Structures are given as structure tokens and as C-alpha cells.
Amino acid sequence: MRLPVAVIALVGLSVEQAVFEPVQPELFAAGGTLANAWADHDGDGDLDLFVGFNGAPNRLYRNEDGRFSDVAAAAGLADARATRAAAWGDYDADGDPDLLVGFTPGAGGVLKLYRNDAGRFSDVTRAAGLVVDSGAVRQPVWIDYDGDNDVDLFVAFRDRPNAMFRNDAGRFTDIAGDIGLADPRPSVGAVWLDYDEDGDFDVVVANMDGAANGVFRNEGGRFTDVAESVGLAWGGRAPREMTNGTVRPCAADVDGDGRLDLFFANYGPNGLFLNRGGGRFEDASTTWGVAIDARYDACAFADFDNDGDVDLFVNGTVTGGVSYRDYLFRSTGSRFEDVTPQVLQALEADHGVQWADFDRDGAVDLALTGARAQGTHALLRNGTTAAGRSLQIRVVDRSGGDVRAGAEVRVVSAANGTLIGTRITDTGSGYDSQSLAPVHFGLPDLDPVDITVTFPLGGRRVTARVTGVDPRTHARGVLVLHLHEDGSITRS
């Protein structure tokens, strides 16, 4: 069945229309899907898509110039266990993305680590020390929390204390209890960022069943929950209501001031909190028009119309026989407006949501999942006529292999220094997922820009700058920036 093309008017923009059109709808038709995540698993320059199914074999869609085929069986990833989580990260720093998958409890452990060798995957869970026999796995994140230049693994659990697996030459040890991250509350989502700008990664953890959220401030490698004091404990929902909770926190510079703000997708009213600096946040949920009281599974920010403001997709859940509606919010710069087209409403998606430019046309496209057996895990191409007015940037380490998760990227006009936008590389996204994808900037024009990259590294903020970048030279491509520990940067 082919779904209709949706056209919506965007009032006040130079772009008159935005178009979302289903891609290969017969291929992406199956339901019963939860997590989805993007990475270039075979190194061919195209982003590929992993989709975790709720009992059917998982799929890995190989992207060949915008055309997809399922290669999971040949690649060794077609597990038929119910899959709740998926995170791409180069744990062994060999230059290709490995995959951590989280299952529901059953025969065997609930975590599986796949090492990628030239596009084929092998199970290295036991050798890596990641055998976990039981637990309701939720958000995994690959993050260099201790600044030793390898990625560690955080895993949130809904029914047991959260884990922090330190990476020592590819062997992992759970040290969450030693450093203050073994939170026993029912955790679902998490996002890492240096919210207080002190040079190390902190983590915002979303909790369900009426429990407060956690904001764990990193103080020299040990963590303290400061959610109450910074005003983020409830994320916009009513305190201590058992039917309420937070499923997904998302980080983005919503108001264009260069600081990373936080959005909370809730059971209960959604919350938006603007970062005012110094570790302080202001509740802007109502003034920005997002405090809608319902049930939500995920949030995802992106500038889908390339006007320079980050827009927002929020996934309603399916629970108790009710399919809560999804929202595509367009940012005006001071408020979000509902511009959800019928093609998205008709899908009744829930759980997974990821933005990525899979066809390299300069516009971010939308991948969704649905838990219903007759649902879809749709991929929709964004046909905005402003597609070419953008720049995509990938921040990697000195070897060029490992994406620096949590790097903050800021683009300013080379002519007058005006901030165009701020992005953060993925540190927890969608529904219990993490992608390895470039950050995307919509641009007001194609004039030269300057780029600043900031990376928290063991108590210091390493910052580097590239000047005079011509976006036209990277059309249909990605600017790769190699950020070194000494603050120098090279590009390719």
C-alpha cells in the first residue's frame, strides 16, 4: 500500500512547502518495531538503518544511493528476540561502528555486543565482559565519560540499578555503584551533555511510575543527583503521580542562544526547559506551546525546513487501547507550531523516531517505528525545496574512526559572526537508541561560515575553530572535522 504524499504550507518562510513521501513502503511495512538507529555500517558513505523488532528478526537496511535492502541475516544481526534498545559506537576504535543491542528478558543475556569487521558482525559480548543475565533494558549510550579517549557504555534499566561499564582496552567493568550512577529508580531514557559547561559529561535520566528524574552532575568522575536543585526533577509533569513519568529527554539549542536546552517527552504534560547558563533552567513549556497532556514515547529535534530554527517531532505512544497522536512542531524562533501533516498522523507511529539525511540531498528525512502488529516502521523522504541550503558536519577523533559523541558544534556567519545554530552529536536519542550520524544545519544562505567545536574531555572543554567554510563545496556530502586532544582541528 502506498501512502499519500503530504504537503503543508509553511507561512512566513521563503520555502512555501514541505513534502514527506514514504520510501519503499512495501519494504518498511512490517509492524511490531521499537528502537531504530542510523550508522554507516559498511563505510560506503551512506547512512544505513538498524531496526529492532518485537520478536521478529531484526533488520539492517543497507543504503545504496538511497535504495534500501535488508542485509541483517548476511551481516549477522538478524536476532529474533524482542529488541528494546540499540546503540551504535566504535568501542574498539578500529574505525567502523559496532552495535550494542538490548533484548527483553528471555533465553540468554539481555545485552549483546556486536563487533563490526568490514560490515560483518560477530558476537563479542562475553569476551567484552558485558554478560547481563536479566533486566528490562532501556537506554544505552556510548560516551567517553572519564575523558580517557575510549567510549564507555551507560545502560539504563527499568527494573534494576542503572549500569556504567568502563572501557579498558575493549573489556568492560560495571562501576556505576562506585561513581554514583547506580540509580535504582525505573529509568527509561537518558541523554549525556555538559549542561553546566565545566568540562565533563553529565547525564539526564528519565524515570517512570511517578519517580523524579535524575540530573547527575559529574564532579571529577563521581556523580551527584542535582535534579531538584536545578529544577528538572519532574520535567514539566506533575510530581509523584504514579501514572506519570518521563520516557525521553532530548537536548537541543531551541532558542538559538548557543546553550543546550532540554525537552522531556512525558506521560503527562511535555516539558521544555531553557538553559540560562550557570546550570540554571527556565520552564518554557507553556510559552513555547508544548505542554500537551497525553502520553509520549520519544522526541527528536531537527531543522526539517532548513530555516535555521530546530523543529521537533514528538511520538505519542499506544497504550490502553489508545493511540496518542504524534506531533511535528515547526519552530518560529519563540514558539512551536503544530504543522503535523496527515501522512504522519495516519501512521500512528510510536517509540522510535530518528532524523537523518539518508539520500544526501541536504534535507533531514524521518524514520519512525510502531509497536502495533499491523503498524509500520516507515521511512519518509523530506522533499523541502530548501534541501540544498544546509551543511552537515561529522566530528571524529584524531584517527578519524570514532565519532566524538557529545561534541557541541556551533556555526556562525563568517561575515558578521551571527550564530546560525548549535548542535550536539548523538548521546541518546529516539527510543532507547543512539545513532552515528552527522549533525545537520539549515542555513539562511550559502555564504561562508565559521565552525566551532567544543568537546568535554576529563574536566576541560577542548575547543577548536575552522574558518571560512564554503557550504557549497560540501553539497551532497559531509564535512569531516578531526578534533584533537590539544584543541587543534583538521578537516577532510
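This is a predicted model: local features need pLDDT of at least 70, side-chain atom pairs count only at pLDDT 80 or more; totals for chains, interfaces and linings use all residues.
Let me start with a hairpin, which strand 21 and strand 22 form with two residues between them, and in whose turn G278 has a positive phi of about 65 degrees. Strands here are DSSP runs of E, at least two residues long, numbered from the N terminus, and two of them pair if DSSP finds at least two bridges between them.

Residues are numbered from 1 along each chain as its sequence is written, and side-chain values use heavy atoms, with hydrogens and water left out.

Now to a sheet: four strands form an open, antiparallel arrangement in the order 34-33-37-38, and its edges are strand 34 (419-424) and strand 38 (461-469), each of which pairs on one side only. Strand 37, residues 449-456, is joined to strand 38 by seven antiparallel bridges, and V453 has A464 in strand 38 as its bridge partner.

Finally, the core: which residues have the most contacts inside the largest nonpolar core? They are M164, L181, W192, I393 and I451, in a set of 41 residues. Leaving aside neighbours within four places in sequence, M164 is in contact (heavy atoms within 4.5 Å) with residues including I143, Y145, F154, I175, L181 and W192. A nonpolar core means buried Ala, Val, Leu, Ile, Met, Phe, Trp, Tyr and Cys residues joined through side-chain atoms within 4.5 Å, where buried is under 20% relative accessible area with a 1.4 Å probe, protein chains only.

Note on methods
Buried means under 20% relative accessible area, exposed over 50%, partly exposed in between (1.4 Å probe, protein chains only).
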